[in-house]
Amino acid sequence: HTLNPTTIEYSSLSILGISSNGIIDFITNNVTSDSVDRTIETLLCDAENMKKGWSKDGNVARIVLKNGEFLCPGFVDTHTHAPQFPNLARGQQYELMDWLKCVTFPAEERLKDTEYASVLYKEVVRRVLAFGPTTCCYYGSLHLEATKALADECHSAGQRAFVGKCNMDRHSSETYVEPSPLHSIQATEALIKYIHTLSPLPTSSPLVHPIITPRFAISCSDELLKSLGSLASKHPQMAIQTHISENAKEISFTKELFPSAPHYAGVYDMYGLLRKGTVLGHACHLSEEEIQLVKQRDAGIAHCPTSNFNIRSGMARVGCYLDRGIKVGLGTDCSGGYAPSILRTIQDACITSKILSLTPTISSQFTSGLEGKHLPISTLLHLATLGGASVCCLEDKIGNFVVGKEFDALVASVPGAGGEGRFGGGGNPGVWYQENDTLETLVERFMFGGDDRNIKDVYVCGRKVSGWGQ
Ligand code: GUN
Ligand code: ZN
């Protein structure tokens, strides 16, 4: 029996998994009541791989879970903007279009300085990992060299990532816009080539992937969208990310710019950019026809509720999308969102669904689906993990702890009263586990009271990439 440290060979006690229908699958439901530390024996070191340059410490030999701890599949952040991190938690007085012009584009323009990019992106990736996304879909700026630096940082930190150079040849400022569609395409092709040269980990397929990134329809000329469509057809498996139907003014401007398209989703479809592997950010105001088209094309949705509240865009009907079988994941959308925190995004996704449930449609009151209801914990956890993995077409590799998948995981920690240090463990005073908590309660506490301090260790493909645990 050969042991491979990166994939799940078998599942033992105390592992939280989520089955494909979003139901929490408790392999054991008696995790917190025994006082003995539990050793997770899913992974063992393999000398062969250590020889290939994996440090002994970097590999998971065994994970010991203390009381109040459990293993959670790694989070997937399906939508964030690396160059906007210096803007986190500011500029929140604007709505989308003014926000882009007044605070966002000026911040992104700074990435023309590649040295600044390297320093910033190292910090961004380190911080994102600390919040638990083992996979992250990043928008870069317009700049090729800076975006290469972002891919480098993901690669060296060991994060699973999709990295895209933004395409934008109009409706920005004079100094932050690409000079021509040709320039935009050539830089995108160069980035794709570059990312493909980044060597994968010895035991796995590549962790860092290129992603075609038309910013949104407004910022791309007809010619640029056409060229991006043909680039996409040359790479039929490649992921694509963009924004859709986020804000009312944005939607009406898009309709003005593309009068021949039936609707916003139809614009991307017209150019061959709506397909399996397309990640649509926001989707707050999709019409019935658009919902059907997104489903038909098998595209996925990045639900970004914190940002949707912050820049007052709207509320996405995630229950409806899930009822229709559309793939949905969560996006922090920094810096539209306040922080790179998927836990916070879970909380805001929950609140979004609760607000929507206050005014349910007539039909949703008589159906058993999720539309118009507040989303259950299992669905919220699904969005943060396996849902996001499916949006990225990685559901065969990650998203839960099915045997044979790669080991992307968090050690979630909700220490009990007392303990070492300030409030024990990571020191979040707002949440602690109580004697006789079931795993289900513990998961709930983590999801609604937790933050980065409750994410003890982070593993990607069996390798520890972040954490404060010993
Ligand atoms: N639409 C186009 N660009 C952006 C962006 O950077 N953030 C958000 N939230 N929406 C956008
Ligand atoms: Zn965005």
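## An oblique helix pair: H14 and H15

In this predicted model, helix H14 (residues 377-391) and helix H15 (residues 439-449) pack at an angle of about 60°, their axes lying 11 Å apart, and the two helices are therefore oblique to each other. Angles under 35 degrees count as roughly parallel, over 145 as roughly antiparallel, 65 to 115 as roughly perpendicular and the rest as oblique; the axes are lines fitted to C-alpha atoms, for helices over the stretch in contact, and angles run from 0 to 180 degrees between N-to-C directions. Helices (H or I, at least four residues) and strands (E, at least two) are DSSP runs numbered from the N terminus.

H14 passes H15 in a left-handed crossing, a crossing being left-handed if the near helix is turned anticlockwise from the far one by less than a right angle, and right-handed if clockwise. H14 contributes Ile 377, Leu 380 and Leu 381 to the contact, and H15 contributes Val 443, Glu 444, Met 447 and Phe 448, where contact means heavy atoms within 4.5 Å. By class, these residues divide into six nonpolar, no polar and one charged; Ala, Val, Leu, Ile, Met, Phe, Trp, Tyr, Cys and Pro count as nonpolar, Asp, Glu, Lys and Arg as charged, and the others, Gly among them, as polar.

## A right-handed helix pair: H3 and H4

Helix H3 (residues 114-130) and helix H4 (residues 144-157) pack at an angle of about 35° with axes 9 Å apart, and their crossing is right-handed. On the H3 side the contact involves Thr 114, Ala 117, Ser 118, Tyr 121, Lys 122, Val 125 and Leu 129, which meet Glu 145, Ala 146, Ala 149, Leu 150, Glu 153, Cys 154 and Ala 157 of H4. The residues of this contact divide into nine nonpolar, two polar and three charged.

Strand E11 (residues 239-244) pairs with E12 in the parallel sense over five bridges, two strands being paired if DSSP finds at least two bridges between them. Ile 244 has His 282 as its bridge partner in E12. Strand E12 (residues 278-282) is in turn joined to E13 by three bridges, again running parallel, and Gly 281 stands opposite Ala 302 in E13.

Five of the five residues of E12 are buried (under 20% relative accessible area, with exposed meaning over 50% and partly exposed in between, for a 1.4 Å probe and protein chains only), so E12 is largely enclosed by the rest of the structure. Strand E13 (residues 300-303) is covered on both faces, with Gly 300 and Ala 302 buried on one side and Ile 301 and His 303 buried on the other.

Gly 337 lies in the loop between strand E14 (327-330) and helix H12 (342-358), and Gly 337 is buried, with a relative accessible area of 0%. Not counting residues up to four places away in sequence, Gly 337 touches Leu 88, Thr 306, Ser 307 and Thr 332. Its C-alpha atom is separated by 8.0 Å from that of Pro 305, a residue 32 places away along the chain.

## An antiparallel sheet

An open sheet of four strands has the order E5-E15-E16-E17, with antiparallel pairing. Its edge strands, each pairing on one side only, are E5 (69-73) and E17 (463-467), and neighbouring strands are turned by 25° against each other on average, direction ignored. Five bridges join E5 to strand E15 (residues 409-413), with Leu 71 having Val 411 as its bridge partner in E15.

## Basis of the values

Residues are numbered from 1 along each chain as its sequence is written, while chains are lettered from A and ligands numbered from 1 in the order in which they are written. Local features need pLDDT of at least 70 and side-chain atom pairs count only at pLDDT 80 or more, whereas totals for chains, interfaces and linings use all residues, and side-chain values use heavy atoms, with hydrogens and water left out.
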